[in-house]
Amino acid sequence: MRVKIVSKPTSQLNNIIEKIKNISTKLGFEVVDKDFDYVIAVGGDGTLLRAVKQNKPVIAVKAGRRGLLMDVPVDKFEEALLRLKKGDYEEEEYMLLEMIYNDKVELGFNEVGILYDRPEAIKVGISFDTERVSVEGDGVLVSTPQGSSGWGMSATNSLLYKDLSAIEIIFVNPIFYYLRSVVIPPKPLTLRLEDKGYPQTARAVVDGEVVTLIKTNQEITVRVSQRKAKILRFFKLDLIGEVLHAYHI
(Lines give C-alpha, C1' and ligand atoms only; values in the text may rest on other atoms or scores of the structure.)
Protein backbone atom coordinates (compact mmCIF):
# COMPACT_ATOMS: atom_id res chain seq x y z
CA MET A 1 0.00 0.00 0.00
CA ARG A 2 1.12 3.51 -0.83
CA VAL A 3 0.65 6.49 1.48
CA LYS A 4 1.17 10.24 1.19
CA ILE A 5 2.06 12.31 4.25
CA VAL A 6 0.51 15.77 4.53
CA SER A 7 1.74 18.19 7.20
CA LYS A 8 2.70 21.79 7.83
CA PRO A 9 6.20 22.73 6.66
CA THR A 10 7.44 23.46 10.17
CA SER A 11 10.58 22.33 11.97
CA GLN A 12 8.52 21.48 15.05
CA LEU A 13 7.12 18.45 13.21
CA ASN A 14 10.36 17.17 11.67
CA ASN A 15 10.99 14.47 14.28
CA ILE A 16 7.35 13.34 14.20
CA ILE A 17 7.29 13.15 10.39
CA GLU A 18 10.51 11.13 10.39
CA LYS A 19 8.98 8.76 12.93
CA ILE A 20 5.84 8.41 10.79
CA LYS A 21 7.94 7.62 7.71
CA ASN A 22 10.07 5.05 9.54
CA ILE A 23 7.06 3.23 10.99
CA SER A 24 5.30 3.24 7.63
CA THR A 25 8.32 1.79 5.85
CA LYS A 26 8.90 -0.82 8.57
CA LEU A 27 5.32 -2.06 8.18
CA GLY A 28 5.62 -2.37 4.41
CA PHE A 29 3.99 0.90 3.31
CA GLU A 30 5.54 2.93 0.51
CA VAL A 31 5.67 6.68 1.19
CA VAL A 32 5.03 8.59 -2.07
CA ASP A 33 3.73 11.93 -3.35
CA LYS A 34 1.44 10.63 -6.10
CA ASP A 35 -0.58 7.53 -7.01
CA PHE A 36 -1.23 6.85 -3.32
CA ASP A 37 -3.96 4.83 -1.61
CA TYR A 38 -4.19 6.72 1.68
CA VAL A 39 -3.31 10.14 3.05
CA ILE A 40 -1.67 10.47 6.47
CA ALA A 41 -2.51 13.91 7.87
CA VAL A 42 -0.07 14.87 10.62
CA GLY A 43 -0.95 18.02 12.53
CA GLY A 44 -4.18 19.77 13.45
CA ASP A 45 -7.41 20.90 11.85
CA GLY A 46 -5.68 23.03 9.21
CA THR A 47 -3.68 20.06 7.98
CA LEU A 48 -6.83 17.96 7.82
CA LEU A 49 -8.43 20.57 5.53
CA ARG A 50 -5.70 19.99 2.95
CA ALA A 51 -5.63 16.22 3.39
CA VAL A 52 -9.33 15.55 2.77
CA LYS A 53 -9.16 17.35 -0.59
CA GLN A 54 -6.72 14.73 -1.91
CA ASN A 55 -9.82 12.59 -2.58
CA LYS A 56 -8.42 9.57 -0.73
CA PRO A 57 -9.17 8.06 2.70
CA VAL A 58 -7.38 9.99 5.45
CA ILE A 59 -5.60 8.77 8.60
CA ALA A 60 -5.73 11.70 11.04
CA VAL A 61 -2.67 11.88 13.33
CA LYS A 62 -2.99 14.54 16.02
CA ALA A 63 0.16 16.65 16.30
CA GLY A 64 -1.15 20.23 16.31
CA ARG A 65 -2.51 22.76 18.78
CA ARG A 66 -6.10 22.15 17.69
CA GLY A 67 -7.12 18.84 16.22
CA LEU A 68 -10.72 18.20 17.19
CA LEU A 69 -11.21 15.74 14.33
CA MET A 70 -7.84 13.98 14.70
CA ASP A 71 -8.16 10.63 16.47
CA VAL A 72 -4.70 8.97 16.23
CA PRO A 73 -2.13 10.03 18.85
CA VAL A 74 1.45 9.98 17.56
CA ASP A 75 2.41 7.24 20.04
CA LYS A 76 -0.38 5.02 18.68
CA PHE A 77 0.37 5.50 14.99
CA GLU A 78 2.01 2.10 14.61
CA GLU A 79 -1.05 0.44 16.14
CA ALA A 80 -3.25 2.32 13.68
CA LEU A 81 -1.24 1.11 10.66
CA LEU A 82 -1.34 -2.47 11.89
CA ARG A 83 -5.10 -2.21 12.21
CA LEU A 84 -5.28 -0.65 8.73
CA LYS A 85 -3.58 -3.72 7.29
CA LYS A 86 -6.12 -5.94 9.06
CA GLY A 87 -9.10 -3.82 8.01
CA ASP A 88 -9.83 -3.09 11.67
CA TYR A 89 -11.18 0.45 11.50
CA GLU A 90 -14.32 2.46 10.81
CA GLU A 91 -14.72 4.69 7.78
CA GLU A 92 -16.53 7.98 8.42
CA GLU A 93 -17.86 10.12 5.61
CA TYR A 94 -18.06 13.89 5.96
CA MET A 95 -20.07 16.42 4.01
CA LEU A 96 -18.28 18.67 1.51
CA LEU A 97 -19.59 21.98 0.16
CA GLU A 98 -19.20 23.40 -3.33
CA MET A 99 -18.95 27.14 -3.90
CA ILE A 100 -19.78 28.10 -7.48
CA TYR A 101 -18.80 31.45 -9.00
CA ASN A 102 -18.00 32.44 -12.60
CA ASP A 103 -18.50 28.79 -13.66
CA LYS A 104 -15.74 27.72 -11.26
CA VAL A 105 -16.25 25.26 -8.42
CA GLU A 106 -14.31 25.32 -5.14
CA LEU A 107 -14.58 22.50 -2.63
CA GLY A 108 -14.94 23.22 1.09
CA PHE A 109 -14.66 20.89 4.08
CA ASN A 110 -15.49 23.38 6.85
CA GLU A 111 -17.16 26.46 5.43
CA VAL A 112 -17.60 28.76 2.45
CA GLY A 113 -19.03 32.24 2.26
CA ILE A 114 -18.69 35.99 1.78
CA LEU A 115 -16.72 38.26 4.15
CA TYR A 116 -15.96 41.97 4.12
CA ASP A 117 -12.92 43.14 2.17
CA ARG A 118 -12.50 46.65 3.56
CA PRO A 119 -13.08 47.70 7.21
CA GLU A 120 -16.78 48.39 6.70
CA ALA A 121 -19.99 46.42 7.03
CA ILE A 122 -21.42 44.61 4.03
CA LYS A 123 -24.98 43.50 3.32
CA VAL A 124 -25.41 39.91 2.19
CA GLY A 125 -28.61 38.58 0.70
CA ILE A 126 -29.39 34.93 1.44
CA SER A 127 -31.77 32.95 -0.77
CA PHE A 128 -32.96 29.34 -0.55
CA ASP A 129 -36.30 27.80 -1.41
CA THR A 130 -38.76 30.69 -0.98
CA GLU A 131 -36.71 32.38 1.76
CA ARG A 132 -35.15 35.78 1.05
CA VAL A 133 -33.32 37.58 3.86
CA SER A 134 -30.54 40.16 4.15
CA VAL A 135 -27.97 40.46 6.92
CA GLU A 136 -25.64 43.41 7.47
CA GLY A 137 -22.34 42.88 9.27
CA ASP A 138 -18.96 41.30 8.53
CA GLY A 139 -20.42 38.65 6.24
CA VAL A 140 -22.11 35.25 6.01
CA LEU A 141 -20.61 31.78 6.15
CA VAL A 142 -22.20 28.44 5.27
CA SER A 143 -20.78 25.65 7.42
CA THR A 144 -20.80 21.87 7.38
CA PRO A 145 -21.45 20.10 10.69
CA GLN A 146 -17.73 19.47 11.20
CA GLY A 147 -16.99 23.09 10.26
CA SER A 148 -19.14 24.31 13.12
CA SER A 149 -16.38 23.28 15.54
CA GLY A 150 -13.98 25.76 13.91
CA TRP A 151 -14.53 29.28 12.60
CA GLY A 152 -18.27 28.93 13.05
CA MET A 153 -17.98 28.29 16.77
CA SER A 154 -16.10 31.55 17.31
CA ALA A 155 -19.07 33.38 15.76
CA THR A 156 -21.98 31.41 17.21
CA ASN A 157 -20.80 29.48 20.30
CA SER A 158 -22.80 26.53 18.97
CA LEU A 159 -21.85 23.10 17.68
CA LEU A 160 -23.47 20.82 15.12
CA TYR A 161 -22.82 17.15 15.68
CA LYS A 162 -20.44 15.82 13.03
CA ASP A 163 -22.80 13.37 11.28
CA LEU A 164 -25.87 15.61 11.28
CA SER A 165 -27.39 16.03 7.81
CA ALA A 166 -27.65 19.81 7.87
CA ILE A 167 -25.78 23.02 7.11
CA GLU A 168 -25.43 26.13 9.27
CA ILE A 169 -25.84 29.67 7.92
CA ILE A 170 -23.62 31.83 10.11
CA PHE A 171 -24.01 35.59 10.51
CA VAL A 172 -20.55 37.02 11.23
CA ASN A 173 -20.75 39.98 13.63
CA PRO A 174 -24.22 41.07 12.48
CA ILE A 175 -25.39 44.61 13.20
CA PHE A 176 -28.48 44.83 15.41
CA TYR A 177 -29.23 41.10 15.27
CA TYR A 178 -29.27 38.72 18.21
CA LEU A 179 -29.65 35.74 15.91
CA ARG A 180 -26.21 34.34 15.07
CA SER A 181 -27.02 31.37 12.86
CA VAL A 182 -29.74 29.28 11.27
CA VAL A 183 -29.54 25.52 10.72
CA ILE A 184 -31.27 24.23 7.59
CA PRO A 185 -31.44 20.99 5.59
CA PRO A 186 -28.56 20.49 3.12
CA LYS A 187 -30.03 22.39 0.18
CA PRO A 188 -28.58 24.84 -2.38
CA LEU A 189 -28.53 28.52 -1.51
CA THR A 190 -27.28 31.81 -2.93
CA LEU A 191 -25.26 34.54 -1.22
CA ARG A 192 -25.35 37.96 -2.88
CA LEU A 193 -23.37 41.11 -2.08
CA GLU A 194 -26.19 43.62 -1.96
CA ASP A 195 -26.11 47.28 -2.96
CA LYS A 196 -25.75 49.73 -0.06
CA GLY A 197 -25.77 52.74 -2.37
CA TYR A 198 -22.11 52.72 -3.34
CA PRO A 199 -19.69 50.15 -4.85
CA GLN A 200 -18.20 47.57 -2.50
CA THR A 201 -16.07 44.45 -2.76
CA ALA A 202 -16.10 41.36 -0.58
CA ARG A 203 -13.99 38.25 -0.19
CA ALA A 204 -15.34 34.88 -1.26
CA VAL A 205 -13.70 32.39 1.09
CA VAL A 206 -13.35 28.62 1.28
CA ASP A 207 -11.94 27.01 4.43
CA GLY A 208 -10.32 30.26 5.49
CA GLU A 209 -8.70 30.96 2.11
CA VAL A 210 -9.70 33.86 -0.15
CA VAL A 211 -10.52 32.43 -3.58
CA THR A 212 -11.78 35.59 -5.29
CA LEU A 213 -13.19 39.08 -4.76
CA ILE A 214 -16.78 39.82 -5.70
CA LYS A 215 -18.42 43.17 -6.39
CA THR A 216 -21.77 44.66 -5.49
CA ASN A 217 -24.69 42.65 -6.92
CA GLN A 218 -22.49 39.63 -7.65
CA GLU A 219 -23.31 36.32 -6.02
CA ILE A 220 -22.05 32.86 -5.22
CA THR A 221 -23.98 29.60 -5.11
CA VAL A 222 -23.40 27.08 -2.33
CA ARG A 223 -24.48 23.47 -2.51
CA VAL A 224 -23.64 20.16 -0.90
CA SER A 225 -21.22 18.16 -3.05
CA GLN A 226 -21.91 14.61 -4.13
CA ARG A 227 -18.35 13.84 -3.06
CA LYS A 228 -17.65 12.93 0.55
CA ALA A 229 -14.49 13.28 2.58
CA LYS A 230 -13.45 9.91 4.04
CA ILE A 231 -11.58 9.63 7.33
CA LEU A 232 -10.54 6.26 8.75
CA ARG A 233 -11.17 6.00 12.49
CA PHE A 234 -9.09 3.81 14.76
CA PHE A 235 -9.91 5.40 18.12
CA LYS A 236 -13.03 6.93 19.64
CA LEU A 237 -13.55 10.58 18.73
CA ASP A 238 -15.08 12.52 21.62
CA LEU A 239 -15.91 15.71 19.75
CA ILE A 240 -18.06 17.35 22.42
CA GLY A 241 -15.55 16.53 25.15
CA GLU A 242 -12.69 17.83 23.01
CA VAL A 243 -14.53 21.10 22.40
CA LEU A 244 -15.22 21.57 26.10
CA HIS A 245 -11.58 20.83 26.91
CA ALA A 246 -10.23 23.07 24.14
CA TYR A 247 -12.21 26.03 25.39
CA HIS A 248 -11.52 25.25 29.07
CA ILE A 249 -15.17 24.91 29.99
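1. Pro 57 counts as buried at 17% relative accessibility (buried is under 20% relative accessible area, exposed over 50%, partly exposed in between, with a 1.4 Å probe and protein chains only). Pro 57 sits in the loop between α2 (45-52) and β4 (58-62); helices (H or I, at least four residues) and strands (E, at least two) are DSSP runs numbered from the N terminus.

2. A quick word on the basis: this is a predicted model, where local features need pLDDT of at least 70 and side-chain atom pairs pLDDT 80 or more, while totals for chains, interfaces and linings use all residues. Residues are numbered from 1 along each chain as its sequence is written, and side-chain values use heavy atoms, leaving out hydrogens and water.

3. Back to Pro 57: Lys 230 is 173 residues away in sequence, yet their C-alpha atoms are 4.9 Å apart. Beyond neighbours within four places in sequence, Pro 57 has contacts (heavy atoms within 4.5 Å) that include Asp 37, Tyr 38 and Leu 232.

4. On to the aromatics: the whole structure has two aromatic pairs (ring centres of Phe, Tyr or Trp, the latter by its six-membered ring, within 6.5 Å; planes under 30 degrees apart are stacked, over 60 edge-to-face, the rest tilted). Tyr 89 and Phe 234 make a tilted one, at 5.8 Å centre to centre and 55 degrees between planes. Tyr 89 is partly exposed at 28%, whereas Phe 234 is buried at 5%.

5. The rings of Tyr 94 and Phe 109 are also tilted, with centres 6.0 Å apart and planes at 50 degrees. Both Tyr 94 and Phe 109 are buried.
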